[in-house]
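Subject: Structure for your review

Dear colleague,

Please find below the sequence and structure that I am handing over to you. A description of what was found follows directly after them.

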Amino acid sequence: MRYRSIFISDLHLGSQACQADLLCDFLKNNQADHLYLVGDILDIWALKRNVYWPDRHSEALRLILSQAKSGTKIHYILGNHDEELRQ
(Lines give C-alpha, C1' and ligand atoms only; values in the text may rest on other atoms or scores of the structure.)
Protein backbone atom coordinates (compact mmCIF):
# COMPACT_ATOMS: atom_id res chain seq x y z
CA MET A 1 0.00 0.00 0.00
CA ARG A 2 1.23 3.53 -0.73
CA TYR A 3 0.68 6.52 1.57
CA ARG A 4 1.66 10.16 1.49
CA SER A 5 3.30 9.99 4.93
CA ILE A 6 4.21 7.30 7.43
CA PHE A 7 5.44 8.07 10.95
CA ILE A 8 7.48 5.47 12.86
CA SER A 9 9.02 5.91 16.30
CA ASP A 10 10.66 3.98 19.11
CA LEU A 11 12.07 1.15 17.03
CA HIS A 12 15.03 0.75 19.39
CA LEU A 13 17.22 -1.03 16.84
CA GLY A 14 20.12 -2.47 18.77
CA SER A 15 18.06 -3.58 21.74
CA GLN A 16 16.52 -6.95 22.41
CA ALA A 17 13.12 -5.28 22.83
CA CYS A 18 13.05 -4.26 19.16
CA GLN A 19 10.37 -5.98 17.12
CA ALA A 20 12.39 -6.07 13.90
CA ASP A 21 10.31 -8.85 12.33
CA LEU A 22 7.16 -6.73 12.50
CA LEU A 23 9.04 -3.68 11.29
CA CYS A 24 10.50 -5.49 8.27
CA ASP A 25 7.09 -6.89 7.37
CA PHE A 26 5.56 -3.43 7.62
CA LEU A 27 8.27 -1.81 5.50
CA LYS A 28 7.99 -4.49 2.82
CA ASN A 29 4.24 -3.92 2.50
CA ASN A 30 3.95 -0.16 2.88
CA GLN A 31 5.58 2.72 1.02
CA ALA A 32 5.16 6.47 1.34
CA ASP A 33 6.19 9.72 -0.24
CA HIS A 34 7.57 10.75 3.17
CA LEU A 35 8.81 8.44 5.92
CA TYR A 36 9.23 10.17 9.27
CA LEU A 37 11.51 8.37 11.73
CA VAL A 38 10.48 10.08 14.94
CA GLY A 39 12.93 9.36 17.72
CA ASP A 40 14.67 6.35 19.22
CA ILE A 41 15.18 4.56 15.92
CA LEU A 42 18.53 3.32 17.25
CA ASP A 43 19.00 2.48 20.91
CA ILE A 44 22.53 3.66 21.58
CA TRP A 45 21.96 3.32 25.33
CA ALA A 46 21.32 -0.43 24.93
CA LEU A 47 24.23 -0.82 22.49
CA LYS A 48 26.60 0.71 25.04
CA ARG A 49 25.55 -1.86 27.65
CA ASN A 50 25.55 -4.87 25.34
CA VAL A 51 26.23 -5.05 21.61
CA TYR A 52 23.17 -6.70 20.14
CA TRP A 53 22.63 -6.44 16.39
CA PRO A 54 20.93 -9.39 14.70
CA ASP A 55 20.58 -9.60 10.91
CA ARG A 56 16.95 -8.45 11.09
CA HIS A 57 18.10 -5.06 12.43
CA SER A 58 20.39 -4.67 9.42
CA GLU A 59 17.55 -5.75 7.16
CA ALA A 60 15.30 -3.07 8.65
CA LEU A 61 17.90 -0.41 7.85
CA ARG A 62 18.33 -1.81 4.33
CA LEU A 63 14.57 -1.58 3.77
CA ILE A 64 14.53 2.06 4.90
CA LEU A 65 17.47 2.85 2.60
CA SER A 66 15.77 0.98 -0.23
CA GLN A 67 12.70 3.16 0.16
CA ALA A 68 14.91 6.26 0.07
CA LYS A 69 16.52 4.97 -3.12
CA SER A 70 13.03 4.51 -4.59
CA GLY A 71 12.16 8.16 -3.99
CA THR A 72 10.74 8.20 -0.47
CA LYS A 73 11.90 11.28 1.43
CA ILE A 74 13.28 10.15 4.80
CA HIS A 75 13.01 12.54 7.75
CA TYR A 76 14.97 11.50 10.86
CA ILE A 77 14.14 13.26 14.12
CA LEU A 78 16.44 12.15 16.92
CA GLY A 79 15.13 10.96 20.29
CA ASN A 80 16.84 10.56 23.63
CA HIS A 81 18.14 7.04 22.89
CA ASP A 82 19.83 8.15 19.65
CA GLU A 83 20.72 11.72 20.62
CA GLU A 84 24.45 11.01 20.32
CA LEU A 85 24.00 11.10 16.55
CA ARG A 86 23.57 14.89 16.83
CA GLN A 87 27.37 15.19 16.94
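Helices (H or I, at least four residues) and strands (E, at least two) are DSSP runs, numbered from the N terminus. In those terms, His12 belongs to the loop between β1 and α1. Please keep in mind throughout that this is a predicted model.

The sheet

Three strands make up an open sheet, arranged in the order β1-β2-β3, and their pairing is parallel. Because β1 (2-8) and β3 (73-77) stand at the edges and have a single partner strand each, one side of each is left without a neighbour in the sheet. On average, neighbouring strands of this sheet are turned by 10° against each other, direction ignored. Five bridges join strand β2, which covers residues 31-38, to β3 in the parallel sense. Across from Tyr76 in β3 stands Leu37.

The helices against the sheet

Two helices lie across pairs of strands. Helix α1, residues 20-29, lies across β1 and β2 and runs at about 160° to β1. Helix α3, residues 55-69, lies across β2 and β3, and its direction is at about 135° to β2.

The nonpolar core

The largest nonpolar core comprises 18 residues, and those with the most contacts inside it are Ile8, Leu11, Leu13, Leu23, Leu27, Leu35 and Leu37. At least two residues of this core come from each of β1, α1, β2 and α3. The greatest contribution is that of α1, with four residues. Ile8 deserves a separate entry. Apart from neighbours within four places in sequence, Ile8 is in contact with Leu23, Phe26, Leu27, Leu35, Tyr36, Leu37, Val38 and Ile41.

Cysteines

How many disulfides does a search of the whole structure find? The search finds zero. Cys18 is in no disulfide, and the nearest cysteine sulfur, that of Cys24, is 8.2 Å away. Cys24 is likewise in no disulfide, its nearest cysteine sulfur being that of Cys18 at 8.2 Å. The reasoning rests on the cut-off for a disulfide, which requires the two sulfur atoms to be within 2.5 Å. As to accessibility, Cys18 counts as buried because its relative accessibility is 13%, and Cys24 counts as buried at 0%.

The aromatic pair

A pair of aromatic rings is described by the distance of the centres and the angle of the planes. One aromatic pair is present in the structure. It is formed by Phe7 and Tyr36 and is stacked, with 4.5 Å centre to centre and 5° between the planes. The pair links distant parts of the chain, since Phe7 is in strand β1 and Tyr36 in strand β2, 29 residues apart. Are these two residues buried, partly exposed or exposed? Phe7 is exposed, at a relative accessible area of 58%, whereas Tyr36 counts as partly exposed at 21% relative accessibility.

Most residues other than glycine have a negative phi, and most peptide bonds are trans. Against that background, two residues should be noted individually. His12 has a phi near 55°, a positive value in a residue other than glycine. With a relative accessibility of 16%, His12 counts as buried. Asp40, also not a glycine, has a positive phi of about 55°. Asp40 is located in the loop between β2 and α2 (44-49), and its relative accessibility of 7% makes it count as buried.

The segment after β3

His81 lies in the segment after β3 and counts as buried, at 16% relative accessibility. Leaving aside neighbours within four places in sequence, His81 is in contact with His12, Asp40, Leu42, Asp43, Ile44 and Trp45. Gly79 is also found in the segment after β3; at 14% relative accessibility, Gly79 counts as buried. Finally, the C-alpha atoms of Gly79 and Arg2 are separated by 26 Å, the two residues being 77 residues apart along the chain.

With kind regards

Key:
Residues numbered from 1 in each chain as written. Predicted model: local features only at pLDDT ≥ 70, side-chain atom pairs only at ≥ 80, totals over all residues. Heavy atoms only, no water. Pairing = 2+ DSSP bridges. Axes fitted to C-alpha atoms, helices over the stretch in contact; angles between N-to-C directions. Contact = heavy atoms within 4.5 Å. Core = buried A, V, L, I, M, F, W, Y, C linked by side-chain atoms within 4.5 Å. Buried < 20%, exposed > 50% of the residue type's maximum accessible area, 1.4 Å probe, protein only. Phe/Tyr/Trp six-rings, centres within 6.5 Å; stacked < 30°, edge-to-face > 60°.
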